[in-house]
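Please open the structure in a viewer and keep the selection panel at hand. The tour below moves from one selection to the next.

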Amino acid sequence: MNQAEEFIKGKLQQRADKGILRKLSSATFQADFSSNDYLGFGRSAELNAKTEQILALIPAHQNGSGGSRLLSGNHWFTEETEQHIAAFHQAPAALLFNSGYDANLGLLSSLGQRGDTIIADELIHASLIDGARLSNANRYTFKHNDLNSLEAKLKLAKGNSYVVTESVFSMDGDTAPLTEISKLCKTYQANLIVDEAHALGIYGKHGAGLVQQRPDLEKDIFARVVTFGKALGCHGAAVLGSVNLKAYLINFARSFIYTTAAPIHTIANIRSAYQLLEQTDYTSLIREKINCYQNLIGKAALNNIPSTSAIHTVIYPDSHTAKKAAATLQEKGLDVRAILSPTVAEGKERLRICLHTFNTETEIQTLVKELIKTYSA
Ligand SMILES: Cc1ncc(COP(=O)(O)O)c(C=O)c1O
């Protein structure tokens, strides 16, 4: 075996020895408590039909887009969809990216110049971490949702400074104190960037997000990222911000420039998902299921992180017990997955439970009963 193969084998063996080797699985279970398809849009026949209706009206390549947006991959419908998304989110402009990962990577890596400062919550998503790492800015983290810790870092900031957080944290399900963070940013003249991946569809009027749930807060946010692979059940993302920010990203965000534009089918799918959000109040449907879960969990002595979002947790002391708990629940037909280190910190391995509008009350009752039984076993 050559040296590179030896290296690969060794790294995989280390993970296997720790019980944290990642593997792809296509197993399916009866009740979905794992996907990010919170509103069931990913499986919605209505969304599919709307997409087909739009496609029937647009002359376009039927398959791939043929190039980068800056070359032959742009389409008037993509630009119109960006205007629609910007208006929905009360933002001056929106720029589509092929995924949330691409959006975060392009945004942070292109903004942070030498001498600038990026200050991020310690629990932000890998895509934001990677974007900050690819930038030339100095980087600091602040303790999760801790305003004193953030202020201490703001005092050290030089150049243009950017504060980065998620409105709903992807692995913990808790929310950031956005109004207070925004006030601190104003005081220190820092620019606030908020990733709304798990808030879109769940909070705010028509599910517009947590930022728009707070009065006028969107005006104080430098940039928001909304992603479409979660509650919107399709694929892609948009950066929301000023007209100048959009033009800057078109010029400098490498994950926007050097990639083939999404096919028009994806754009029609995104547009249709926004139409669904506008026509029905899905936030109250998902809220019912979240309340149902919380009422049933009640005061059960599970180690969990308080959450009002669609993401809930049960924390275990190690990967072994978290994996065992997931396997026990899966045997009962419940699709609950364990999240292990290094995705979360060692000793904070967990079950990540996602609630959906399509989960029945009986499914949630079974889940909670089995969770409590498994936790105390
Ligand atoms: C907070 C957050 N931001 C960004 C992303 C990336 O989005 P996408 O799946 O569209 O690449 C995710 C997805 O896991 C996420 O949880």
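A polar contact is here a pair of N or O atoms within 3.5 Å. The model is a predicted one.

**Stop 1: the ligand and its polar contacts**

Select the ligand together with Gly 100. A backbone N or O atom of Gly 100 lies 2.7 Å from an oxygen atom of the ligand, which means that the pair falls within the 3.5 Å limit of a polar contact. Then turn to Asp 195, where a side-chain N or O atom is 2.6 Å from a nitrogen atom of the ligand. Taken alone, the ligand exposes 390 Å², and the protein buries 82% of that area.

**Stop 2: the shell around the ligand**

**Stop 3**

Which pocket corresponds to the space taken by the ligand? That space is the second largest pocket, with a volume of about 580 Å³. Its lining has 25 residues, of which Asn 36, Met 171, His 198, Lys 230 and Arg 352 lie nearest the centre. Elements α4 and β11 each give two or more residues to this lining. The lining comprises five nonpolar, 14 polar and six charged residues.

**Stop 4: the largest pocket**

Select Leu 21, Arg 22, Lys 23, Ala 338 and Leu 340, which lie nearest the centre of the largest pocket among its 21 lining residues. The volume of this pocket is about 740 Å³. Both α12 (319-331) and β11 (337-339) supply at least two residues of its lining, and α12 gives the most, with four. The lining divides into 12 nonpolar, five polar and four charged residues.

**Stop 5: the cavity**

How many cavities of 30 Å³ or more are counted? The count comes to one, and the volume of the largest cavity is about 150 Å³. Select Leu 96, Phe 97, Asn 98, Ala 261 and Ala 262, which lie nearest its centre among 17 lining residues. Strand β2 (93-97) and helices α9 (254-257) and α10 (264-279) each supply at least two lining residues, with α10 giving the most, three. By class, this lining has seven nonpolar, nine polar and one charged residues.

Terms used: Residues are numbered from 1 along each chain as its sequence is written. This is a predicted model: local features need pLDDT of at least 70, side-chain atom pairs count only at pLDDT 80 or more; totals for chains, interfaces and linings use all residues. Side-chain values use heavy atoms; hydrogens and water are left out. A polar contact is a pair of N or O atoms within 3.5 Å; within protein, one must be able to donate a hydrogen and the other to accept it, and residues adjacent in sequence count only if both atoms are side-chain atoms. Accessible areas come from the Shrake-Rupley method with a 1.4 Å probe; for residues, only the protein chains shown count as cover. On a 1 Å grid over the protein atoms alone, a cavity is a set of points where a 1.4 Å probe fits but cannot get out, and a pocket is an open set with protein on both sides within 12 Å along at least five of seven lines; lining residues have an atom within 4 Å of a point. A molecule sits in a cavity or pocket if more than half of its atoms lie within 2 Å of its grid points. Grid points are joined across faces, edges and corners, and a volume is the space filled by probe spheres set on the points. Ala, Val, Leu, Ile, Met, Phe, Trp, Tyr, Cys and Pro count as nonpolar, Asp, Glu, Lys and Arg as charged, and the others, Gly among them, as polar.
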